[in-house]
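Subject: Structure handover

Hi,

Here is the structure I promised to pass on. Please open it first, then read my notes below.

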Amino acid sequence: VPVIVWFRQDLRLADNPALHYAADADRPVIPVYILDDETPGHWAMGSASRWWLHHSLKELGKALRGAGTPLVLRRGKAADLLPKLIEETGADRVVWNRCYEPYARERDEKIKSALNDAGVQVNSFNGGLLVEPWTVATKAGDPFRVFTPFWREARQHLGRVDPLPAPQSLSAPETAIASDHLADWGLLPTKPDWAAGFEPVWIPGEDGARDAAGDFIDSRINSYADDRDRPDRDGTSRLSPHLHFGEISPRQIWSAVSHACDGVGRKDPQKYLSEIGWREFSHNLLFHFPDFPEANHQDKFNSFRWQNDDQRFKAWSKGQTGYPFVDAGMRQLWQTGWMHNRVRMVAASFLVKHLLIDWRKGQDWFWDTLVDADLANNSAGWQWVAGTGADAAPYFRIFNPFTQGEKFDPDGEYVREFVPELAALPAKWIHRPWEAPDSVLDEAGVRLGTDYPKPIVDHSAARERALAAFKDLKSAA
Ligand code: FAD
């Protein structure tokens, strides 16, 4: 009797507890991926993520075929399709690795109880986190809202540290099972091909994830603590989309880092693994506060007077604000489906504080354009920047978009790459071209207002406006 392995955010063979369990059962294995756009509602996968998914499923399909059993693709509501697949195949057991999004938890609970009622066994596993959210709590038994004590506690509960091997071989069911064709799902852009810039940057899939992790650990982890804030250097691991889709697990990363760095005690591996810790923390927040992506965590912000100006939002999303560091970030996002963390913070802060646009509008834009769009990390990132979240930057701490650029992209190389119309400007002016003398602009061939916009808001005035709006909020409270 076959076992169904329902793949979701665990698109890999190695260190996959659900697949491992099925392989060990020594029965035919039916791996299935269901593209369900209905159940997640507003959080159905965005466009850039679909590009990634297409390529990742292609790789997963190849790997499973190589191991002995083909991947079955189905599109529709998981709660309807799984029972159908069980009926078709006679499977009596379904296994999966757990997801933590509120809609996914609700879906999984319902499916599990319906299947159990029908006599089908369901087993779920932890394949995606080092520490699941219900394992750590404060002394008072409450969920953690502050990162440092969370991480200190979480590290005491790491549990199993050795990743599981990929199954050597899997047996296929005797009769072939109907599957959709990936190409028919329309996950790739047609015209215009906005993903053309993704191809040179990313190799989705388990092999790509392993290579990216290996490359980072071999050549860059030892300068991570210093380089991680520098978008002009290739200082971070860029594993975020691989982690989101589960092409690599945090446990595999932990183990590889600790082997390569002879433990995790030194500054650089420590710092790197604490970023993996922020991922754990974000999942912890989403689990305990399921409205995190929709509602201000601090409800005093519910009466904040956002000024949702469409023109300004458009300028921000297209990288046309007149602030080169922000614009470089927004264009990096559009071109490559990813943005450096430092620039995410500055660009998000610019939207929320300089333009007074609701963080949820920015969150939606990121959701559609990031290849690593992740409900837990995205909502935690936005609420942190907006000052509305748990353990967030205080609202009155407003990033200065040009001094941030000068500090973290001192030669202007990052801006030159993504805002090529400013490429000939000297480093001294590249982050604040509006202050450059006419002769410098002339020489660099930059006509402000024509080739590149003048700032859409004045920094000091915008800063005062944001502080005044925050003060109003406090006095209203
Ligand atoms: P590295 O520095 O190499 O870090 C390794 C891994 O740790 C990352 O891959 C990621 O999984 C995790 N990580 C690192 N920083 C954070 C963080 N601050 N919060 C949570 N996890 C972290 N990350 C996403 O994966 N998906 C998102 O949708 C997302 N949206 C964000 C929105 C905003 C406004 C902000 C400020 C941050 C957001 N982040 C998000 C977090 C962070 O920017 C990215 O994880 C990071 O830039 C990915 O690059 P990397 O893999 O090279 O990171």
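Start with the ligand. Domain 2 (128-161 + 205-288) and domain 3 (299-476) both give residues to the shell around the ligand, so the ligand lies between them. The domain bounds come from an automatic or database domain assignment.

Before going on, note two points. This is a predicted model, where local features need pLDDT of at least 70 and side-chain atom pairs count only at pLDDT 80 or more, while totals for chains, interfaces and linings use all residues. Residues are numbered from 1 along each chain as its sequence is written.

**The ligand shell**

The ligand is surrounded by 28 residues. A residue is near a molecule if its C-beta atom, placed from the backbone, lies within 6 Å of it. The closest are Thr-236, Ser-237, Ser-240, Asn-378 and Gly-381. By class, the shell has twelve nonpolar, nine polar and seven charged residues. Here Ala, Val, Leu, Ile, Met, Phe, Trp, Tyr, Cys and Pro count as nonpolar, Asp, Glu, Lys and Arg as charged, and the others, Gly among them, as polar.

Which helices supply the shell? At least two residues each come from α8 (240-244), α10 (267-288), α13 (341-354) and α15 (375-386). The largest share is from α15, with six residues. Helices (H or I, at least four residues) and strands (E, at least two) are DSSP runs, numbered from the N terminus.

**Helix α10 and its partners**

Look at α10 and α15 together. Their axes come within 8 Å and cross at roughly 90 degrees. That makes α10 roughly perpendicular to α15. Axes are lines fitted to C-alpha atoms, for helices over the stretch in contact, and angles run from 0 to 180 degrees between N-to-C directions. Angles under 35 degrees count as roughly parallel, over 145 as roughly antiparallel, 65 to 115 as roughly perpendicular and the rest as oblique.

On the α10 side, Arg-279, Ser-282, His-283, Leu-285 and Leu-286 make the contact. They meet Leu-375, Ala-376, Asn-377, Ser-379 and Ala-380 of α15. Two residues are in contact if their C-beta atoms, placed from the backbone, lie within 7 Å. This contact of α10 with α15 has five nonpolar, four polar and one charged residues.

Now take α5 (residues 147-154). The axes of α5 and α10 come within 10 Å and cross at roughly 100 degrees. These two helices are therefore roughly perpendicular to each other. From α5, the contact uses Phe-147, Phe-150, Trp-151 and Ala-154. From α10, it uses Ser-274, Gly-277, Trp-278, Glu-280, Phe-281 and Asn-284. Six of the residues in this contact are nonpolar, three polar and one charged.

**The whole protein**

The protein has 20 helices and five strands. Its C-alpha trace spans about 75 × 50 × 45 Å along the principal axes.

The domain assignment also gives domain 1 (3-127). The centres of domain 1 and domain 2, taken over C-alpha atoms, are 25 Å apart. Their contact takes 18 residues from domain 1 and 19 residues from domain 2. On the domain 1 side, helix α2 (residues 47-67) gives the most, with five residues. That side has six nonpolar, six polar and six charged residues.

**Two backbone details**

Most residues other than glycine have a negative phi, and most peptide bonds are trans. Asp-15 has a positive phi, near 45 degrees. Asp-15 sits in the loop between β1 (3-7) and α1 (17-24). Lys-191 and Pro-192 are joined by a cis peptide bond, with omega about 0 degrees. Pro-192 lies in the loop between α5 and α6 (206-219).

Best wishes
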